[in-house]
Structures are given as C-alpha cells and as structure tokens.
Amino acid sequence: MTVTLRRHRPLASRTLSSKAGLMAGLTLAIVLGGTASAQDPFSAGERWSHAPAAAAPDWMPDEVLFAGDDSFVWSAQRGGDHALRLLDAVATGTQDARGTVARTAIEFGAPLIAAGTRGDKVFALRQFYAPTAYSRQPLLVAYDPRTAAAGAEMPEAWSHDLDVRINGPVRLAADRSGDRIVAAAWDDTTATVRLDVVNGTDGTLLGRRDLPAFSLNALSVSADGTRIAVIAGLTLYVLDATATPLYDQPVSTATQALALSSDGSVLAYGELGALSILQAQPGGGYAAYQRPTGSMSELPSRIDMSDDGSLIAIAWWDFMNGADARFEIYDTVFQFPISSYDQFALPGASQNLPIAATITADGHRAAFATWGNGVDPEVIVLGLGSFFPDFEVDLSGSSRGMALDATGTRLAIGHKDVHSQVFGSTGAVRVVDTGERRLALTNTPRIGGTLDAAAISPGSFGGWFVLGPKAAVPTQFPGVSGILLLQRNQLTVLGRPADSNGRIDLSLPIPNISAMVGTQMHVQAAFRTTQGLQFTENLVSPFLVQ
C-alpha cells in the first residue's frame, strides 16, 4: 500500500478548520510504502492493519466506522467465523481484534453497522433466515465496547426485532451521538418499507412507520436526530424523530446518494446528471434550492454534507464508461465547486465505482473511496480550495468501506485484496494518518496501564498537558493563540519540557480499578513559544478499556 500526503502549508501553521489559505505555499509530496510499523505520530502513513490469519482465507470487510469519539473502529465483514469486529483506533503494526461477534449458520450476508460518539454502544443490523434466505428476520443489535477484551465474543447489550420478514434490502443509520438509531427494511410481500426509530441506550422503540414503496435505496439521519430522509424507489420521504411523516415527493432516480444537514434544514439527493438540493420551508415541507449539474453520463454515486449544509462532498461517477470519476466539494453559498479533482481512465480500465463520500462537520475536508481504475489511488482526500488531493491512499485492491475521523486527519479503510471485478475473498482493515494533528495518543489507554500522548509545536520551549471535562463552550483568552476546549475551573495541568523538535510527551499511570472501565478522559496541550501561549486545535478523548 502506498500513502501520499501533500501539504499546502507548513504543519506548524496549518489550521484544520480554516476555509481560507489552503492553496498557500508549495506542494510537498511524501510517499510511504510497506507494512505498518511503529511510527512518529506526527508523520504521515499507515498506523495499523488488521486481517485474519491465513487459515481464514474467506474474510473480507464490508463496512468500517469510527466509534466512541474516534476511540474504536467498528467493522462488518463477509466470510470467516466473525460477522463483526471491534478494533482500537490507536495502535501500531498488525492489530488483533479487541472484540468479536460470531457469525451464525443462519445469518444472511454481512451486517450493516452504525456508531456514534458515545463509547458504550455500537450497532449492527443483522439478517437471519426465517426460515430461509428468501424470508429473513432483520434484527437490530447493540454491543458495548467497554466489555470487549482480548478478542473475546461481545455479548448483546440489547436487541430489537423489526417484526417483519423480508426478501429485500435493509438500511441502517444513526445520529451523531448514537442516541437515536434508525433501521429500515423493505418488505417485498406488502411493497412497504418498515422504518423503526430506536433509543440507542436501551433499544426502546421510539417510532415506527410503514411507507409505501417499491424498493429501498438510501437512508440518512440528521446529526441532531430530528430528521430522517429515505429514498424508497422513486419517492423521497422526510420524517421526524418519531417517524412521523413530514414531507414526500417523487424523484427521477432511485439513488443511494442522500444527505442531510445537522438539523435537517438542507437535504440533497442524486439524480441522473445532477444533484438536487432542497431547503426546509418556514411553513413546513421542502422546496427546491439548488441543482448543480454534471454531464448526462454522470451520477452522484455518494454524497455527504457539512453541519450547516453549506458544503457538500459529491462523488460523481461516469456510468457510461464506468471508469471516470470526479470528486467535488460544492459550496451552496457561492453555488460552485470550491474543490474538484478528476480521475480520467484509459480505455479498458477497471470499473471505478465510488463507494463512499464523507465530509467533516465544519466542511474543511472531504474523503472519497472507490473501487479503483487500476492506475489512480482508491482513496482521495480533498481540502477546501484544492484542485489536487491533500492525501491519497493507493490500495492493493478495491475500497469496500471508508470513514474519516472528526479532525479530517485519520482514515479507517476496509478493502478487498484485489479489484471488485476480480474473484477474491480476502481483505483487510487499515487506519492511515496524515500526521497533521499537533496532539495525538500513542497507545490505547488501559486500566492498570498508562495514558500516553505526544504533542508538538516546532520552536516551542516547553508545554503543558491539560486534563479535565470537555467544555460546552470553549474559552478564548486574550493574547493566546487557540482556544481552551476544557472546563477552565476543573483542570489538571502537567508541565513537560520540549525536545529539540518542540515535542512534549505524557505517560500518565491509570489505576487498576475495574470501575474505571469506560471512563472517558479529555486531554489538550498548550505550548510556550516566542509568540506567547498556544493551545492545540484538537483534543484527544479516549475511553479507558480493559
């Protein structure tokens, strides 16, 4: 695997959330190859990989997600003994699973998965023969990452039966926190979509609706959980947090490209050669807002939207030649692509279907994953104002799942070892890092072990690690660069000298107390520089595990 990082500004001055200045400076390319190994946390490259032993040659990931404030990677896969695996997001080298969920003899395909920022629950929508593959029971199941240890089987925290038997597609989505989970299944016998809204904490049913439909294509939930959008055949439905219908309209294309802003006030879906953007109206319902277009041979294959709905990541796919792809960040304020990058394939190239598009909450960075055309990298990361990738990952085969962390600097990737059009049944899960964060964990904190972190500010004289509860509203101090992201009246401050590179390190002992499993810690760093005090732009917020 080859990882290429292109920085448009020096690391010390880069602002991860800035919309301006991303084209400043020269372009620097760093190419890393080979297997994962222990690395400097501030260098670009692969952090870890996970694949089963050679004795299990039929294992391949289907989906990957970050979970628990990016503390874990939650993976669903086909083949092998396990349908689900939980991995530590922070590790080096070849990683074993933290927890597993066994596949049963009556299970159909790979589960669908969902997760949020909460660290006590991850979710899967599994299908079981009832009694055959043509009559299946969709079952929503929650698992607790806190109970996972040493690759042991993860017990169910709760389960919820959708009370329908199906021979059709299912979809699963969650709000950002993971407090509200939405599962949908198409019942071919009644031509309806069963949609259940479930409490992420205990599995309580919060709402149920059967929607008339001839298929089920896409499902999206707003980050705050107040709006649910469904593409069911050629109909778009919008529902509230209890599955009460609010709006519906016909659509021209049965698309899988669907996204909502954080409060559901902006909605976008793909059409043949265009992206339709709708805006919520004061009197209720939605109205057409904008319609950026591509060529008539293009489809928006996957999309995602920033919290405020002003920036949309669009993965366009040329379905006529099957190999050309275009990746954009579309600005709804200025109504044009603020970032764009094309992959043009040679005749006879492999089918390059985009399978994922994701954008950070503030919209400063978007990532795209594809099957690959045999020449260009399969994973592309774009920054605002950029017409060339900030970051690329060239895999050995096709992407099957991809997730971008909250900072836009880490990618979890599930891939096949060969192209999707080539027979093969093996793959791997990998985490790669751009090395741009100035504060990073260097291991997964375990009870009885240590919390290890590092921070860097070139030219600094020394610094402090600051621990405490996360602030609801950050604090800005006069004359200080950056903001304090923790509650200022509940801080623990640990001073550390800086080395010649301006790096400081923390190794904090953790008591061996079982009651501390699942406790979340928040750490920020600050530096003393010639320009004064500087806070790091990011926190690290790990959950303590066994």
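**Notes on the domains and aromatic pairs**

1. The chain splits into domain 1 (294-399 + 419-436) and domain 2 (440-544), with bounds that come from an automatic or database domain assignment. Their C-alpha centres lie 34 Å apart.

2. Keep in mind that this is a predicted model: local features need pLDDT of at least 70, side-chain atom pairs count only at pLDDT 80 or more, and totals for chains, interfaces and linings use all residues. Residues are numbered from 1 along each chain as its sequence is written, and side-chain values use heavy atoms, with hydrogens and water left out.

3. How many aromatic pairs turn up in the whole structure? The search finds 8. Rings of Phe, Tyr and Trp (its six-membered ring) pair if their centres lie within 6.5 Å; planes under 30 degrees apart count as stacked, over 60 as edge-to-face and the rest as tilted.

4. Take Trp 74 and Tyr 143: the ring centres are 6.0 Å apart and the planes sit at 55°, so this pair is tilted. Trp 74 belongs to strand E5 (residues 72-78) and Tyr 143 to strand E11 (residues 136-143), so the pair ties together parts 69 residues apart in sequence. Strands here are DSSP runs of E, at least two residues, numbered from the N terminus. Both Trp 74 and Tyr 143 are buried, meaning under 20% relative accessible area (1.4 Å probe, protein chains only).

5. Phe 327 and Phe 368 are tilted too, because their planes are at 35°, with centres 5.1 Å apart. Phe 327 is in strand E28 (residues 325-331) and Phe 368 in strand E31 (residues 365-370), 41 residues apart. Phe 327 is buried at 0% relative accessible area, and Phe 368 is buried at 0% as well.

Methods: Helices (H or I, at least four residues) and strands (E, at least two) are DSSP runs, numbered from the N terminus. Buried means under 20% relative accessible area, exposed over 50%, partly exposed in between (1.4 Å probe, protein chains only).
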